[in-house]
Structures are given as structure tokens and as C-alpha cells.
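Please look over the model shown below, and keep it in view while the text moves from a pair of helices to a sheet and then to a single side chain.

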Amino acid sequence: MLDRRLITHFDFGFLFLVLLISLIGEGAIYSASHFAGSPPSDLYLRQLYWIGIGLILLLATISIDYRSLHRYAYLIYAVSVGLLLVVSFKGAIGMGAQRWIVVGPLTLQPSELAKIALILVLSRYLSDIQERGGFTAGHYFNLALLIGLPLILILRQPDLGTSLMLLFIAVTLLFLAGMPVRFFTYAGVTVLGAVPFLWRFLKDYQKQRIRVFFNPDLDPSGAGYHIIQSKIAIGSGGFLGKGIMHGTQSQLRFLPEQHTDFIFSVIAEETGFIGTLILILLFAYLIFKGINIALKTQDLFGTLVATGITTMIAYYILINIGMTSGLFPVVGVPLPFISYGGSSLITLFIGVGLILNIRMRRFHEG
């Protein structure tokens with residue numbers, strides 16, 4: 001029989017907030033993919049289709065007690081790494097990268113699902129360490145293996161943005177689980193020392209993106225084009241914006257990737273400072289609610305999972321807005337629930353399902 005407390009503890013406000021932001025994304029995609037004098041695009045309908053699939057997976061996620069995922073965390077992680085290996089050998093190639101698996105009419109990006117798998121396996125491993133009394137030298141090696149394996153496979157695709165996301169999420173969970181501060185100091189010094197060595201493994205276009213980050217005028221018609229057009233779009237929006245479907249940078253197709261990575265620039269141009277402020281406040285409230293749920297969870301595994309998902313969404317927002325505003329290099333990170341993209345949206349809805357799952361069952365004793 002269904003425990004009524006599951007319903008009374010369900011956070012309908014959190015789900016409504018996610019759907020509201022997704023609805024804003026629908027409008028932005030509609031505007032960003034319709035051009036004067038061109039046939040109407042169906043991208044917004046496809047996004048609606050992905051939202052429907054995401055909601056089904058969200059319901060499936062909340063129907064399973066999250067503590068059961070503690071038992072299957074390693075299996076989920078193994079499946080995720082297996083999919084990344086399949087991509088390495090049999091993945092579909094597009095825009096110079098090998099990131100996708102084609103299953104019938106669907107095109108999936110396993111690196112998106114790897115974020116959820118890494119959060120689950122690290123939450124399991126770190127909560128187990130705490131129960132056994134703390135970190136040992138062997139734990140450091142195992143953690144490096146758990147984090148490094150998907151990281152290397154995703155870097156090979158290449159996908160620098162997703163690799164950085166995995167690294168940021170992992171560092172956040174390690175910090176929250178009580179890993180000694182000296183570990184982060186040593187790791188930071190090691191990474192800084194390895195930068196000249198790692199630079200050699202970057203693709204030419206990635207090196208050029210980093211160069212133009214410091215000087216966009218270095219290649220204004222090439223690698224610097226994206227960020228120059230994006231900053232023009234954001235700046236031209238002014239206080240109130242130019243109006244929905246009246247943005248010149250987007251409607252005249254000056255803005256690249258405007259329905260995916262640079263959709264924030266479209267919103268800024270068409271709705272101005274007021275529109276972007278409302279969107280950022282909605283995101284801030286979403287992050288606040290996610291952290292609040294994590295803090296009130298009674299077991300460490302649930303706390304780490306909820307924190308990992310929330311920080312994943314926060315890093316998405318921070319990097320995307322920073323990237324489109326010229327504060328960070330362009331690394332191809334979507335704006336959560338707003339940018340067009342099936343795999344990313346499904347990952348986010350599964351993540352929201354996990355947070356709601358933890359919130360629903362926090363009345364249980366750990």
C-alpha cells in the first residue's frame with residue numbers, strides 16, 4: 001500500500017519550478033529557431049517531446065526508493081563506462097567529435113548520463129568510507145580510478161565541457177565528504193604543473209578558443225566569432241529587451257548555436273536585463289531548494305546525491321552564463337532546462353527525480 005507520507009512530503013513546488021523554467025526554454029527555442037522568410041522549425045516540438053520523456057523518467061526515478069540505488073551504484077557506473085567505451089569505438093561522429101550512440105530514431109549522448117552515474121558511485125563510495133572511519137591511501141587510488149576512467153573517455157571524444165563538469169562535481173563531493181584539505185592543495189599544484197603537458201593534448205580548435213578567450217579580436221571571424229556576437233546580443237538587449245522574436249542578432253542569424261549553447265544570449269537580447277534577472281532568480285531559487293533538501297536529508301548517501309545533482313545544475317548555469325558573457329572560455333555547456341537537447345534534458349529530469357525521491361523519503365530513519 002502506498003505510504004501517504006510519500007505524497008505529503010512530495011515537493012510540488014520544486015517540480016513546478018522546473019516545469020516553469022522548461023516552459024521558458026520552450027519559448028526561447030521557438031523564438032531562436034524561427035527566422036523571417038524561412039519555413040517554421042519544429043525544434044520546439046522536439047524539445048516538448050524530450051520534456052515528456054524526461055517527465056516519464058522522473059516518475060520512474062521517484063518510484064524507486066533512492067536507498068536501493070546505493071546497492072546498484074557500481075552497476076550503474078559500470079553500464080555508464082561501458083556505454084562510453086561503445087562510443088569510443090562505434091559512436092556516431094559529428095562536428096569533429098565522436099560522442100553519440102544512435103538507437104533507432106534516437107541519438108543518445110552517454111557522457112550526459114555519466115554525470116548521474118558518477119554522482120551515485122562517488123556518493124556510495126564516500127558514504128561507505130565515512131562509515132568505516134575515514135580515508136586511507138588505498139581510498140585515494142580507488143577514487144582516482146572512479147573519477148579518471150569516465151573523465152579520460154569523455155576527453156577522448158573530445159568533450160572538454162562535460163569533462164570539466166565531471167571534475168567539478170567530483171571535487172565538490174570529495175570536499176563535502178571530508179577529504180583532507182591538503183589533498184586539494186596537492187592536486188591543485190599538480191594540475192597547475194601539468195598544464196604545459198596537458199596543453200599538447202588539446203585539439204587545435206580548443207587551443208584557439210582559449211587564446212580568443214583572452215583576446216576575442218585575435219580571430220574575430222573564426223574562433224572569436226561566437227563570443228563577439230554573443231556579447232553584442234546581450235548588450236543590445238538593454239533594460240527591457242527588443243521583444244520576443246525581434247532580436248536582430250538571432251533573427252538575422254548572426255548568433256551561432258542560438259538554440260543550444262548560446263540561447264541565454266537570445267533571451268538577453270529579446271527580454272533584456274529584466275528577463276535575464278527573472279531567469280537567474282528562478283535558477284537561484286531552484287539551487288536554494290536543492291541545497292535545502294540535501295541539508296535536511298538524514299543519511300550521508302542521500303545528502304551527497306542531492307548535493308551532487310544540485311551542484312551539477314549550478315555548474316551548468318554558472319559556466320553557460322559565464323561562457324556566453326565572455327567571462328569563461330567557450331566549452332560547449334548548455335543552459336539547464338533551457339537549451340535544446342534530448343540527452344542533457346533527460347539527465348536533468350532524472351537528476352530532479354532523484355532530488356524529489358530523497359525529499360519524499362526523508363521521514364524514514366537512515
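Is the crossing of α4 and α5 left-handed or right-handed? In this predicted model, the crossing of these two helices is left-handed. Two packed helices are described by the angle between their axes and the distance between the axes. For α4 and α5 the angle is about 145°, and the axes lie 8 Å apart.

The residues that meet across this pair can be followed along both helices. On the side of α4 they include Leu69, Ala73, Ile76, Leu83, Leu84 and Val87, together with His70 and Arg71; on the side of α5 they include Pro110, Leu113, Ala117, Leu120 and Val121, and also Arg124, Tyr125 and Asp128. Sorted by class, the contact between α4 and α5 comprises 16 nonpolar, four polar and three charged residues.

Helix α5 itself covers residues 110-131, which makes 22 residues, and from its first C-alpha to its last it reaches 32 Å, close to the 32 Å expected at 1.5 Å a residue. The helix is mostly covered, with 19 of its 22 residues buried. After α5 comes glycine 133, whose phi is positive, near 110°.

The sheet is the next element to consider. Strands of a sheet pair through backbone hydrogen bonds, either parallel or antiparallel. Here three strands form an open sheet in the order β1-β2-β3, and the pairing is antiparallel. The edge strands, each of which pairs on one side only, are β1 (92-94) and β3 (106-108). Neighbouring strands of this sheet are turned against each other by 45° on average, direction ignored. Between β2, which holds residues 97-103, and β3 there are three bridges, the two strands running antiparallel, and valine 102 stands opposite threonine 107 in β3. Helix α4 (residues 66-90) packs on the sheet, where it touches β1 and β2, and its direction makes about 105° with that of β2.

Which helix holds phenylalanine 214? The residue belongs to α9, which spans residues 204-214. Phenylalanine 214 counts as exposed because its relative accessibility is 66%, where the cut-off for exposed is over 50%. Between phenylalanine 214 and glycine 224 there is a separation of 10 residues in sequence, and their C-alpha atoms are 10.0 Å apart in space.

Conventions. Residues are numbered from 1 along each chain as its sequence is written. This is a predicted model: local features need pLDDT of at least 70, side-chain atom pairs count only at pLDDT 80 or more; totals for chains, interfaces and linings use all residues. Side-chain values use heavy atoms; hydrogens and water are left out. Two strands pair if DSSP finds at least two bridges between them. Helices (H or I, at least four residues) and strands (E, at least two) are DSSP runs, numbered from the N terminus. Axes are lines fitted to C-alpha atoms, for helices over the stretch in contact, and angles run from 0 to 180 degrees between N-to-C directions. Contact means heavy atoms within 4.5 Å. The expected span of a helix is 1.5 Å times one less than its number of residues. Buried means under 20% relative accessible area, exposed over 50%, partly exposed in between (1.4 Å probe, protein chains only). A crossing is left-handed if the near helix is turned anticlockwise from the far one by less than a right angle, and right-handed if clockwise. Ala, Val, Leu, Ile, Met, Phe, Trp, Tyr, Cys and Pro count as nonpolar, Asp, Glu, Lys and Arg as charged, and the others, Gly among them, as polar.
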